[in-house]
Amino acid sequence: MTPDDFAARLRDAPLLLDGGLGTLLMAAGLAKGSAPERWNLERPDVIRQVHRSYVEAGSDLIHANTFGASPPKLAAGGLAGRCGEICARAVALAREAAAGAALVAGDLGPTGLLRPPLGTASVEQMRAAYAEQAAALAAAGADLLSIETQYDLQEALAAVQACKATGLPVIASLTCELKKRGAFTIMGDPLVPSLGALAQAGADAVGLNCSVTSPVMLDMARQALPALTVPLAVQPNAGQPRVTPEGVVYDADSEAFARDLLAMARAGARLLGGCCGTEPAFIRRIRELLDAPGALGSSHA
Amino acid sequence: MGQPEDILLELNKAVLAGDEAGARELAGRALGAGIAPLAAIDGGLVPGIGEAGRLWDEGEYFLPELVAAAQAMKAAMAVLQPALAVDGGRRGLGRVVIGTVEGDIHDIGKTLVGTLLAANGFEVFDEGADVPPSRFVARARHVDADLLCASALLTTTMSRQRDLVAAAREAGLRAKVCVGGAPVTQAWADAIGADGFADNAVAAVALARRLVGRDA
C-alpha cells in the first residue's frame with residue numbers, strides 16, 4: 001500500500017483497528033515473562049485465531065504480533081538474531097487471518113534502549129534497530145507500519161525515519177500521561193508539539209496509545225486534533241488493571257469504551273482501536289456504533 | 001563564593017540541575033573549606049534532591065531530570081563518603097536489596113528507586129532484573145538487609161512479589177519487603193502481606209526512611 005492510498009482510505013471513512021493482543025495470549029496460556037513474539041513460531045494456531053477474532057469483530061486493520069520484535073528487545077527475551085524470521089512468520093499469520101478483509105500492519109514497539117541519563121544508547125543505535133525490523137516487516141509483505149507506545153520523542157522520530165525508508169505508510173503513536181501541566185511522555189515530551197514533530201518527520205498518521213483509559217484519551221484527542229495536519233489514531237486501554245487476590249482484572253466496560261471512541265471519531269480521530277485489556281467485544285461494539293446511520297454527525301456523513 | 005553557606009547553596013543548585021561534574025567539584029570544595037561531610041550532605045545535597053522530587057511531583061521535572069539530579073547527588077556522595085568514614089560516623093540509613101522479579105526484565109523503575117535510595121544515604125545492593133525469590137533471599141541474608149524491594153512491571157509477573165514475601169517469611173529474614181511497579185497498588189501489597197508499597201521513586205524514599213525508623 002502506498003502512503004497516498006492510505007491517505008485516500010482514511011479520507012473515505014474511519015479505520016477500525018484491533019484491540020489488545022497480550023491479554024488474549026495470556027488467557028490462552030502464554031507463560032509469565034515469556035515473549036509473545038515466541039508464539040509466532042511455537043503457537044501459530046493461537047496467534048492466527050486471535051487475529052481472526054478481531055477481523056470477525058470488524059477490524060479494518062490488524063497489527064501483526066511484532067510489537068517486541070526489534071533486535072534489542074528480542075535479544076533481551078532470548079531470541080537474539082531472529083528478527084527477520086519472526087517478522088516474516090508474524091506477518092504471514094496476520095495475513096492468513098485477515099483473508100483480504102483487513103489490512104495488516106507491522107507493529108514496532110520501543111526498543112527498550114535508553115538514552116542518557118537513563119541509559120547509554122544513542123539515537124543512532126535506535127534507528128539501526130528500527131531499520132532492521134522495518135525492513136523485515138516490509139519484506140514480509142506488511143501493508144503499512146505502526147509504531148506504538150513511544151515514550152521518548154527522539155526514539156519515536158528515529159523510528160519514523162527508519163520506517164519511512166521502506167516506502168510504506170507509517171503510523172506513529174506516543175504514550176502520554178496526564179500531569180498537572182498537561183499531557184506528556186514520561187521523558188517530558190509535550191503531547192501536541194510532539195505529535196506535530198512526528199508528522200513533520202513524515203508520519204502519515206500520528207496517534208496515542210496505552211497508559212490511559214478512554215475518557216482521558218478523549219480529552220487528549222480533543223487537545224491534539226485542532227493542531228494536527230495528519231490523521232489521528234487513538235488506542236486507549238480498557239481500564240486500569242486492578243489486582244485482586246484472585247488475579248488481575250481490567251475494569252472493562254466495552255459499552256462506555258465504545259462510546260468514548262465514537263466521541264473521538266466525531267471530534268475527528270480517523271483510526272480507532274484499543275490497547276491493553278481490550279478484546280474483540282470492544283471492537284465489535286465500536287463497529288456497530290460506527291455503522292449506525294449518522295454515526296459521525298452530519299458534517300462527516 | 002568562599003563562604004561555606006555559598007558552597008552548599010551552589011551544591012544544591014548543581015544537584016537540582018543534574019550537573020554531575022559541578023556537584024563532584026563542589027563537594028570537594030566543601031571539604032576543602034572545612035565543612036563536615038555530614039553537614040555537606042544535609043545542607044548541600046538533601047535539599048537539592050528534595051526539590052527535584054517536588055518538581056517531579058508537580059510535573060515540572062520528568063524522568064531524565066530526576067535521574068540526572070540523582071546521579072549528580074551520587075557523584076557528590078562519592079566524594080563525601082570517604083571523608084565520612086574518616087570522620088568516624090557512617091551515616092548509612094540501612095541496607096537495601098532491590099531487584100525486578102523473576103520473569104520480568106523491566107528495570108527502569110527499579111534502577112531509579114535504587115539510585116534515589118543510594119543518593120539518600122541507603123546502601124543499595126541492586127540485583128538487576130529477572131531475580132528469583134531465592135536470590136533475593138540469599139542476598140538479603142548475606143548483607144543482613146533492612147529492606148527488600150521488588151519491582152514488577154507486568155500484571156503477569158506481579159504474583160512473583162507474593163512468592164517473594166512468602167520466601168522472605170519462610171527464611172525468617174528480618175528485612176521488610178516493599179513492592180512497587182506500574183500495576184502494583186496498596187491493595188495488592190496488603191493482599192500479599194508486603195510491609196510497604198510506594199507508587200513512585202520519590203515516595204519509595206519516604207517509605208524506606210519510615211520503615212527503617214528514620215522518618216525525617
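Which residues in helix 7 of chain A meet residues in helix 8 of chain A? The notes below reach the answer in point 4.

1. Basis of the model. This is a predicted model, in which local features need pLDDT of at least 70, side-chain atom pairs count only at pLDDT 80 or more, and totals for chains, interfaces and linings use all residues. Residues are numbered from 1 along each chain as its sequence is written, while chains are lettered from A and ligands numbered from 1 in the order in which they are written.

2. Chain A overall. Chain A holds 12 helices and 12 strands; helices (H or I, at least four residues) and strands (E, at least two) are DSSP runs, numbered from the N terminus. Its C-alpha atoms fill a box of roughly 50 × 45 × 40 Å along the principal axes.

3. An open sheet of 8 strands has the order 1-12-9-8-5-4-3-2, with parallel pairing (two strands pair if DSSP finds at least two bridges between them). Strand 1 (15-16) and strand 2 (61-63) stand at the edges with a single partner strand each, so one side of each has no neighbour in the sheet. Strand 8 (residues 205-213) and strand 9 (residues 232-237) run parallel and are joined by 5 bridges; A:T213 has A:N237 in strand 9 as its bridge partner.

4. Two helices of chain A. The axes of helix 7 (residues 123-139) and helix 8 (residues 153-164) come within 8 Å and cross at roughly 40° (axes are lines fitted to C-alpha atoms, for helices over the stretch in contact, and angles run from 0 to 180 degrees between N-to-C directions). In helix 7, A:V123, A:M126, A:R127, A:Y130, A:A131 and A:A134 meet residues of helix 8 including A:Q154, A:A158 and A:A162 (contact requires C-beta atoms, placed from the backbone, within 7 Å).

5. Chain B. Chain B has 9 helices and 5 strands, in the sequence pattern α-α-α-α-β-α-β-α-β-α-β-α-β-α. The C-alpha atoms of chain B fill a box of roughly 55 × 40 × 25 Å along the principal axes. Buried residues make up 51% of its 216 residues.

Methods: Contact = placed C-beta atoms within 7 Å. Buried ≥ 20, exposed ≤ 12 C-beta atoms within 10 Å, placed from the backbone.
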